[in-house]
Amino acid sequence: MQLTGAQIVCESLIKEGVDTIFGLPGGAVLPFYGALSGYPQLRHILVRHEQAAAMAADGYARATGKVGVCSATSGPGATNLVTGLASAQMDSVPIVCITGQVPRPAIGRDAFQETDITGITLPVTKHNYLVLDVRDIAPAIKEAFYIARTGRPGPILIDIPKDVLAGETIEFEWPSEVDLPGYNPPGDPEPEQVVAAARLINQAERPIILAGHGVLISRAWDELRELAEKAQIPVITTLLGIGSLPTDHVLNLGMPGMHGMAYASLAIDRSDLVIALGARFDDRVTGRIADFAPHAKIIHCDIDPSEFNKNIIADAPVLGDLKASLRALIPHVNSTVHLDWMQETDQLRSQHPSLFIRESDVLLPQQVLKELSDATGGNSIIVTGVGQHQMWAAQHYGYNEPNSLITSGGSGAMGFEVPAALGAKVGRPDKTVWSIAGDGGFQMTLCDLATAAENNIEVKFAILNNGSLGMVRQWQDFFYDKDFFATIYSGNPDFVKLAEAYGIRGIRVTEQREVAGAIQEAMETPGPVVVDFVVKEDEFVFPMIPAGESVNEMLEQPYVKGDRPGVLTRVASLFRRRGFNIASLAVGASEQKGLSRLTFVVTGDQYTVEQATRQLDKLIDVVKVSNISAEDVVARELALIKVRATPTNRSEILEMANLFRAKVVDVGARSLVIETTGEEDKIDALYDLLRPFGILELMRTGRVAMVRGKAEGRISDDVGAKYEQYGRNGVTSVGSSRYQPGHYEGV
């Protein structure tokens with residue numbers, strides 16, 4: 001049968017197993033749309049903006065593991081695809097975009113809606129085509145899908161002039177194979193590389209697996225789990241690697257990096273081997289490269305040789321398909337138990353509880369994500385854009401399945417969350433899909449609520465509405481002297497009324513007690529639903545490693561006074577810049593309302609203490625700085641020690657606790673929790689005595705101290721002499737800030 005170019009496009013897409021196309025027609029691509037109407041097996045979803053077409057294809061591809069497909073016309077239609085293509089390129093997502101082009105005679109003549117889209121997209125596609133002969137359409141599409149899905153996946157653009165689509169008719173012939181002599185994606189790894197990597201793993205005492213997006217792309221999550229469990233290696237997942245190991249797996253240490261869990265970043269810092277699987281060591285993970293994993297050797301397994309030594313030098317690179325590489329590696333790895341290392345990482349998790357959600361009188365965004373995770377059992381597909389909501393979704397939602405977090409990672413495209421969620425739901429109609437957005441990103445692509453309503457795509461849209469560009473505002477607060485320029489949204493629409501205007505159910509949540517009910521109502525309501533969660537306007541994401549810094553400069557959850565991040569962040573930044581080392585830090589309320597007391601123990605000589613005192617005194621949030629290193633002080637520290645206890649040794653542990661006048665505050669089937677207060681040496685001594693029994697957890701508050709009273713009749717100076725040692729390193733106390741509407745005021 002003789003077919004037009006447009007019909008050949010449709011036949012070729014069917015041969016490649018395509019069932020869905022996201023697109024928007026226009027003049028140059030109309031011949032394709034004219035043919036498409038005759039192919040009911042190809043479902044076309046009409047979007048409201050071409051950017052949404054590319055991003056929906058991206059979400060579809062990630063959710064299904066298939067190649068996503070989108071289409072657009074020439075000129076502005078094609079250029080509107082560019083942001084979606086860039087996101088897919090950065091995150092290695094296989095999509096094929098088909099664009100119409102002006103007729104061949106008009107190319108290069110500045111015709112109406114003519115744009116050199118192949119030239120424009122060269123940096124943001126894995127490959128692209130300008131097809132000038134109808135006979136080349138089928139081979140180009142065959143090659144495009146092959147290139148998109150093999151090796152390191154990526155987006156392909158096929159640009160076809162209007163007269164090639166609608167002109168000459170030919171007999172359709174589908175190529176039996178592709179002929180690309182210069183394109184040879186790696187397959188199985190070299191045995192020598194596998195053996196070298198296994199040798200490092202078997203020698204390591206503190207190994208860490210860094211699981212990236214490549215684990216999900218290669219569908220190697222079973223092999224990852226087998227390797228981790230066989231050698232008892234903790235697993236840390238990058239943002240795009242989330243879901244490669246269930247969040248609740250005992251070996252899952254969470255996400256590292258700029259806004260990752262503190263204990264994950266610290267574990268990398270203390271490791272002696274990092275096994276990177278399909279990860280590219282981007283700056284959000286490594287921070288300052290010179291200080292990344294300073295004690296560790298690096299195994300880097302990847303299918304893309306250009307990633308080796310690009311950011312981090314690999315001691316043992318393994319080139320190949322990741323699934324095949326892990327299958328080859330696992331038999332060479334010894335079964336072992338890194339007991340001391342596992343206990344150390346458990347201790348890091350206990351000492352740095354990054355996912356703690358504090359009590360608040362107002363609705364916190366973290367609470368929304370935690371309650372959503374609880375309500376869905378971690379079994380939904382979560383789609384996010386970029387910003388604070390993205391980080392909170394990565395931190396506080398528990399992902400139990402692969403490919404259950406879909407986000408714009410490398411490109412960081414705002415607006416991704418709406419269309420990508422539509423694509424994910426179309427591809428996986430069996431799954432509940434939640435689009436998590438900030439009010440800023442949501443407004444970039446909200447026009448495609450019409451697409452959801454028109455096609456009854458049952459995505460549930462959650463807006464974390466803080467009335468601002470939250471992450472930009474956070475950086476302005478930390479690094480730009482609180483110059484909140486161009487980040488506050490004072491003209492937001494009523495999102496509930498907006499949803500209703502599209503014929504979609506809208507729900508508004510302003511109170512903590514309303515969250516669970518709203519989530520349940522959204523999931524029980526047929527069709528798409530918009531839930532507007534009005535959250536605290538100035539909540540920040542923690543932990544945070546500032547850009548270009550290392551884990552040593554990490555800011556963990558700050559002390560909050562008046563529900564506002566207080567002085568602690570600025571004090572920590574000051575100590576980092578000046579190179580002062582904090583031995584311990586304690587924070588708490590003082591005798592004055594609105595004034596917090598911070599007690600630092602600073603290691604160093606007297607000059608260091610004096611410098612720290614002078615620098616602290618310059619902070620506008622600090623009322624008073626007292627250097628009490630030379631004073632007669634009362635000093636105390638509190639510790640909670642969870643020790644392994646059995647029926648045979650329980651009485652001995654209780655006897656030791658009684659000897660130190662410590663209290664048993666919790667009795668478990670296999671453990672005791674002991675509370676003790678006093679001098680540092682006393683706590684150290686008790687800890688040393690309990691260590692042989694097995695310390696499960698330890699929490700120490702750090703020293704607090706105050707100058708002893710001078711009144712007659714106080715306790716003898718002999719007793720006070722016991723605490724003299726606490727002044728030797730310098731104990732410094734400072735105050736915090738109080739937030740007043742419109743300004744900060746030192747108190």
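A nonpolar core is taken here as a set of buried Ala, Val, Leu, Ile, Met, Phe, Trp, Tyr and Cys residues joined through side-chain atoms within 4.5 Å, where buried means under 20% relative accessible area with a 1.4 Å probe and protein chains only. The model is predicted, with local features requiring pLDDT of at least 70 and side-chain atom pairs pLDDT 80 or more, whereas totals for chains, interfaces and linings use all residues. Residues are numbered from 1 along each chain as its sequence is written, and side-chain values use heavy atoms, without hydrogens and water.

The largest nonpolar core comprises 57 residues, of which Ile382, Trp434, Val531 and Phe533 touch the most other members. Helix α12 (residues 262–270) supplies the largest share of this core, six residues; helices (H or I, at least four residues) and strands (E, at least two) are DSSP runs numbered from the N terminus. A second, separate core holds 51 residues, including Ala53 and Ile117.

Six strands form an open sheet with parallel pairing, in the order β15-β14-β16-β17-β19-β18; two strands pair if DSSP finds at least two bridges between them. Strands β15 (405–407) and β18 (505–509) lie at the edges, each pairing on one side only. Five bridges join β18 to the parallel strand β19 (residues 529–534), and isoleucine 507 has valine 531 in β19 as its bridge partner.

Helix α18 (residues 417–427) packs on the sheet, touching β14 (381–384), β15, β16 (433–438) and β17 (459–465); contact means heavy atoms within 4.5 Å. Helix α23 (residues 515–524) also packs on the sheet, where its contacts are β16, β17, β18 and β19.

Terms used
Buried means under 20% relative accessible area, exposed over 50%, partly exposed in between (1.4 Å probe, protein chains only). Axes are lines fitted to C-alpha atoms, for helices over the stretch in contact, and angles run from 0 to 180 degrees between N-to-C directions.
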